[in-house]
Amino acid sequence: MPYNDTGPQRQVGGASEPSHAPSRTADSGLPRLFTPAEVAVAIGCSDWWVKEQARKHRVPFTRLGGAYRFTADHFAEIIRLFEERPPGVRSSASTPMVATRPELSRRAMPASVQLRPKRPRRTTASFSERAA
């Protein structure tokens, strides 16, 4: 499903036709809600991945009747959240809605860690010595 500035577009007759108001339904003026499958096809991943990200609250979503739904604004935010930029280049977009995972280099690691072996579960003593 192709994507443009307003969100995923349905393909009709093999060609992509942008609708006149893709983010709103024609008769009610309500925002158009996309399914996880539609979002997944538009960004080239599985619908399971989209649902999993929503379940873990890593991406913005709307939950209606127990089903995940996404508006065009949610879709654009998902794209921004997973965008990668070269180091030193700041994004002009606002701060992400969800906290991102810290990179390994930012984690506080102890300078040196002393490793100690665990005692073995089974001892070398024979069964008769242990019973006594």
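1. Elements. Helices (H or I, at least four residues) and strands (E, at least two) are taken here as DSSP runs, numbered from the N terminus. On that basis the protein has four helices and six strands. Their order along the sequence is β-β-β-β-α-α-β-β-α-α.

2. Basis of the model. This is a predicted model, in which local features need pLDDT of at least 70 and side-chain atom pairs count only at pLDDT 80 or more, while totals for chains, interfaces and linings use all residues. Residues are numbered from 1 along each chain as its sequence is written, and side-chain values use heavy atoms, with hydrogens and water left out.

3. Burial and surface. Buried means under 20% relative accessible area, exposed means over 50%, and partly exposed lies in between (1.4 Å probe, protein chains only). Of the 132 residues of the protein, 20% count as buried. The accessible surface comes to about 10900 Å², and carbon and sulfur atoms hold 53% of that. Accessible areas come from the Shrake-Rupley method with a 1.4 Å probe, and for residues only the protein chains shown count as cover.

4. Contacts along the chain. Contact means heavy atoms within 4.5 Å. Among contacts between residues at least 6 apart in sequence, 36% join residues at least 24 apart.

5. Nonpolar core. A nonpolar core is a set of buried Ala, Val, Leu, Ile, Met, Phe, Trp, Tyr and Cys residues joined through side-chain atoms within 4.5 Å. The largest one has twelve residues: Phe34, Val39, Ala40, Ala42, Val50, Ala54, Val59, Tyr68, Phe70, Ala72, Phe75 and Ile78. Two or more residues of this core come from each of H1, H2 and helix H3 (72-81). With residues up to four places away in sequence not counted, Ile78 touches Val59, Pro60 and Phe70. As background, nonpolar side chains tend to be buried together in soluble globular proteins.

6. Helix H1. The buried residues of H1 are Pro36, Glu38, Val39, Ala40 and Ala42. Gly44 follows H1 and has a positive phi, near 75°.

7. The Arg32 and Glu38 pair. Arg32 lies in the loop between strand E4 (15-16) and H1. The side chains of Glu38 and Arg32 meet in a salt bridge (3.0 Å, N to O); a salt bridge is a side-chain nitrogen of Lys or Arg within 4 Å of a carboxyl oxygen of Asp or Glu. The two side chains are also joined by a polar contact of 3.0 Å. A polar contact is a pair of N or O atoms within 3.5 Å; within protein, one must be able to donate a hydrogen and the other to accept it, and residues adjacent in sequence count only if both atoms are side-chain atoms. Glu38 counts as buried because its relative accessibility is 8%. Arg32 also counts as buried, because its relative accessibility is 19%.

8. Helix H2. In H2 (residues 47-55) the buried residues are Val50, Glu52, Gln53 and Ala54. Their cover includes helix H1 (36-43) and strand E6 (67-69). Just after H2, His57 takes a positive phi of about 60°.

9. Trp49. Trp49 lies in helix H2. Its relative accessible area is 25%, so Trp49 is partly exposed. Leaving aside neighbours within four places in sequence, Trp49 is in contact with Ile43 and Phe82. The C-alpha atoms of Trp49 and Ala37 are separated by 9.8 Å, the two residues being twelve apart along the chain.

10. Other salt bridges. The structure holds five salt bridges. In one of them, Lys56 pairs with Glu52, the closest N and O atoms being 3.5 Å apart. Lys56 counts as partly exposed because its relative accessibility is 40%, whereas Glu52 counts as buried at 15%. Another joins Glu77 and Arg80, with the closest N and O atoms 2.9 Å apart. Both of these residues lie in helix H3, three residues apart, about one turn of the helix. Glu77 is buried, because its relative accessible area is 8%. Arg80 has a relative accessible area of 40% and is therefore partly exposed. In general, side chains of opposite charge can pair when their charged atoms come close.
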